[in-house]
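Subject: Structure handover

Hello,

Here is the structure I promised to pass on.

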Amino acid sequence: MEKATSEPGSSRQRPPGSVTAAAPAAPPAAQRSACVDSSRTAPPAPCVTSMPAELVGGPAWAVGAWRGAGAAQQQRQVVAAVAAARAAVAAARWCAAAAAAAPAARGRRRPAAAAAAAGRMLGQWPTHCSSCRRATAAGAGSCAQRRPRGRRRRAARAAARAQGGGGSSSGSGSSSGGAGIERRRLGRTDLHVPAVCFGTMLFGESQDYAAAARLLSVAAEAGAAFFDSAEMYPVPQRAQTQGRSEEFLGRWLRGRPRESVVVATKVAGPSAQMTWLRGGPAALDAANIAAALDGSLSRLGTDHVDIFQLHWPDRYVPMFGDVDYDPAAAYQAVPLEEQLEALGRAVAAGKVRHVGLSNETPWGVMRAVTAADQAGPALPRVACVQNAYSLTCRTFDAGLAEVCHVEGVSLLAYSPLAMGLLTGKYLAPGGGPPGARLNRYRGRYAEAESRYGPRPNVTSAVAAYVDLAAGAGLTPAAMALRFVLGRPLVAAAVVGASCEAQLRELLDAAAAGPLRDEALLAAIDAVHARFPSPTP
């Protein structure tokens with residue numbers, strides 16, 4: 001079946017079989033001005049001023065063609081012709097603005113990116129712009145107004161990171177150089193955290209205290225004394241084990257200088273499943289936040305936590321594999337302002353240093369930082385958001401990235417190995433080792449199975465990334481982690497491990513730093529284009 005296509009300059013779709021009017025003929029040479037390379041010293045005459053008056057003022061030529069057409073084609077032709085004319089006018093106006101700004105923009109790539117973006121949005125380059133038309137038709141991209149390639153974009157990111165965040169709002173600047181695991185600034189705070197955070201959600205379920213303590217020590221000795229927990233851990237969650245992850249971490253903390261460790265934990269959002277945890281919890285209101293924090297501090301054996309996060313929102317949002325928002329599922333929720341007020345009281349009492357969100361949306365992050373900015377010191381400002389990010393889950397980049405960059409909120413990227421999928425172990429015959437987490441807890445861990453289940457696109461994407469790692473001489477886990485650490489807004493990647501060998505592999509990978517191989521990064525992007533975020 002023929003696929004419906006979009007008309008240039010219009011958001012409407014053209015139905016299959018419809019006729020599109022031919023593009024307008026180029027203006028006569030006397031009416032056409034050259035659109036020169038924007039890097040030249042003298043700006044050219046604005047293209048829009050030399051465009052034929054009938055095109056600028058209205059598509060009279062299109063109306064004439066319409067009058068000569070059959071009645072059945074008239075409506076379709078004029079709609080397409082008007083859209084094409086408007087696109088050409090808009091492109092010409094942009095061309096004039098870019099040309100006027102050429103002296104000030106010389107040596108920078110931002111105007112070039114804008115030019116290419118305009119060309120993509122309009123669906124064509126203006127027919128009167130001969131220089132740009134030739135470069136586009138040739139496909140060589142030699143025009144100065146082409147889009148910067150991935151190599152230059154990544155070089156710019158690396159340069160920004162090398163400056164240590166100097167005034168950047170991204171919050172991902174490194175505070176120390178040299179060998180070992182770097183430390184990065186958390187949002188706009190004065191806290192710098194290791195680029196690797198060790199997650200404790202298996203403590204008390206698949207790992208006893210002796211194993212947990214050994215892993216904590218290994219991470220701390222490697223320079224990754226940053227640990228994340230939650231009141232509901234371990235997972236899969238059940239009444240008999242709730243809170244053990246924090247208890248194990250608290251036992252290990254005893255006798256160690258508290259300031260040498262960064263401790264993060266989370267308060268559970270509303271859930272109908274965990275009835276043993278304050279009735280579900282029923283809501284993420286001020287009372288539940290205060291009770292959760294006091295319980296966590298007691299289990300951790302400390303008087304404060306460095307980062308206290310709302311584990312998931314107290315409102316309907318698509319998460320844990322869901323991506324489409326359903327307005328019918330929305331319900332009356334506890335206002336974010338009430339939650340921030342409760343967190344503010346905890347900060348004022350010295351129980352919490354910094355606050356964060358988790359499994360949040362762009363709207364949620366923006367609402368939280370706006371409320372704090374408007375209220376001033378009365379409400380704490382969100383420093384970080386802990387969301388999934390990996391080779392197979394790059395949904396953060398679509399909307400949250402802009403909010404976090406502009407508002408100075410760091411990403412704590414959880415599940416950078418896609419719950420072990422990106423190690424490649426589940427590609428083995430039979431679906432991988434029986435003791436691997438997704439096999440061991442099959443049927444008991446719905447959140448994980450809904451996101452990381454063995455769907456065809458997931459398996460194909462993982463296999464492609466595993467092949468790339470082999471070709472680059474890297475383990476799949478190392479490539480996956482180093483890719484995440486190279487993303488510009490990541491303050492830390494939250495990793496998990498079931499044994500010391502796994503943890504050491506990840507710590508070694510983190511010490512090696514972000515991926516720098518341009519060819520490998522381009523190949524990763526190509527796989528992502530084929531299989532975009534199969535584990536959202």
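This is a predicted model: local features need pLDDT of at least 70, side-chain atom pairs count only at pLDDT 80 or more, and totals for chains, interfaces and linings use all residues. Residues are numbered from 1 along each chain as its sequence is written, and side-chain values use heavy atoms, with hydrogens and water left out.

The barrel

Start with the strands (DSSP runs of E, at least two residues; helices are runs of H or I, at least four; both are numbered from the N terminus). Eight strands close into a barrel, in the order 5-6-7-8-9-10-11-12. Their pairing is parallel. Two strands count as paired if DSSP finds at least two bridges between them. On average, neighbouring strands of this sheet are turned by 30 degrees against each other, direction ignored.

Take one pair. Strand 7 (residues 262–267) and strand 8 (residues 305–310) run parallel and are joined by four bridges. Val267 has Leu310 in strand 8 as its bridge partner.

Salt bridges

The structure holds 19 salt bridges. The term means a side-chain nitrogen of Lys or Arg within 4 Å of a carboxyl oxygen of Asp or Glu. One links the side chains of Lys266 and Asp228, at 2.6 Å from N to O. Lys266 lies in strand 7 and Asp228 in strand 6 (residues 226–228), so this pair ties together parts that are 38 residues apart in sequence.

Helix packing

Axes are lines fitted to C-alpha atoms, for helices over the stretch in contact; angles run from 0 to 180 degrees between N-to-C directions. Contact means heavy atoms within 4.5 Å.

Helix 16 (residues 456–472) and helix 19 (residues 518–530) cross at roughly 170 degrees, and their axes come within 10 Å. They are therefore roughly antiparallel (an angle over 145 degrees). Helix 16 contributes Ala461, Ala464, Tyr465, Leu468 and Ala472 to the contact; helix 19 contributes Leu520, Ala523, Ile524, Val527 and His528.

Helix 11 (residues 336–348) and helix 12 (residues 362–375) pack at about 60 degrees, with axes 10 Å apart. Leu336, Glu337 and Leu340 in helix 11 meet Trp363, Gly364, Arg367, Ala368 and Ala371 in helix 12.

Best wishes

Note on methods: Angles under 35 degrees count as roughly parallel, over 145 as roughly antiparallel, 65 to 115 as roughly perpendicular and the rest as oblique.
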